[in-house]
Amino acid sequence: MSTQPIQSIPNALSAILFGMMLLASGNTSARSAQPDPTFCQQLQQTGVLHATAPVRCEQLRVVRFSYVDFNGKLRDDGEITVLAATADHVSALFSALRERGFNLAGARGMEHFRGDDAASMRANNTSAFNDRAIVSGSAPSLHAYGLAIDINPVQNPFIEVGKDGSAQISPAAGRQYLNRQTNRPGKAARKGMAEDVVELFALHGFTIWGGDWDAPIDYQHFQVSRKLAKKLVALSDAQARTAFDEHVKAYRSCRDSGKPRSACVD
């Protein structure tokens, strides 16, 4: 696999300052709102939230944002549901993606897909909270904590490798993106590839990228550690927000010291 190099430290500092200015000014064009009882009922009725979920509906926030689609059009219908502790950073993250001109195919809450991850991927939908187990396992996915974000699944497919060496690509349309080069001789530059924003996601707290994994490989997927997820959901909203802020500051401080991204991921 060939990937682009991670963002340089000067660029990383610029991204940090940009995010801080956005948060300070409130001029993010992204905003979060606490789910109302009707929305919580909708999550339950569509199978996105179950009684056994590791989070309560009151711990979630809906982040709404604008983004640049693959036709270069600015759209204002983006929405994802995340753990409340991360909402400010997620708002700043998606504002930074828009300012950078990073393309998203679309972003709708998983209630629009009745919690069906395969259907969401086929629609090339960027998403976050979905109370489901990990693929081929029973443990809760980090999506069930509202602490994982999937972007552009077609451009960034999930690859599960079988014991016989065969690979299952999800969604199927993602096969054309198994070559991870963004710029290829004689071909148009590719848009919406996760490699372009790995460092940006990390700067806003989502330090773990599924593209770094060996099996499965999950190019669309960004998350926090399971240890941090369990810690955050056990705290009050205010305490969890402080803890997540500290997590973000620790990563940024590590990167500012000159260490590579791999050395700064908890």
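Ground rules come before the details. The model is predicted, so local features need pLDDT of at least 70 and side-chain atom pairs count only at pLDDT 80 or more, while totals for chains, interfaces and linings use all residues. Residues are numbered from 1 along each chain as its sequence is written, and side-chain values use heavy atoms, with hydrogens and water left out.

Disulfides, then. How many disulfides does a search of the whole structure find? It finds 2. The term means a pair of cysteine sulfur atoms within 2.5 Å. Counting bonded cysteines along the chain, the pattern is 1-2, 3-4.

Take Cys40 and Cys57. Their sulfur atoms sit 2.1 Å apart. This pair links distant parts of the chain, 17 residues apart. Cys40 is in helix α2, residues 37–45. Cys57 is in the loop between α2 and β2, and β2 spans 60–68. A word on those labels: helices (H or I, at least four residues) and strands (E, at least two) are DSSP runs, numbered from the N terminus. Why is this disulfide left-handed? Because the torsion about the S-S bond of Cys40 and Cys57 is about -90°.

Are these two cysteines buried or exposed? Buried means under 20% relative accessible area, exposed means over 50%, and partly exposed is in between (1.4 Å probe, protein chains only). Cys40 has 11% relative accessibility, so Cys40 counts as buried. Cys57 has a relative accessible area of 5%, so Cys57 is buried.

Now Cys254 and Cys264. The S to S distance is 2.0 Å. The torsion about their S-S bond is about -80°, so this disulfide is left-handed. Cys254 lies in helix α7, residues 237–256, and Cys264 in helix α8, residues 261–264. So the pair ties together parts that are 10 residues apart in sequence. Both Cys254 and Cys264 are buried.

On to the sheet. It is open, with 3 strands in the order β6-β5-β8 and antiparallel pairing. Two strands pair if DSSP finds at least two bridges between them. Which strands are at the edges? They are β6 (167–170) and β8 (217–218), each pairing on one side only.

Look at β5, residues 158–161. β5 pairs with β8 over 2 bridges, in the antiparallel sense. There, Phe158 has Asp218 in β8 as its bridge partner. β5 also pairs with β6, antiparallel, over 4 bridges. The hairpin of β5 and β6 has 5 residues between the strands. In that hairpin, Gly165 takes a positive phi near 90°.
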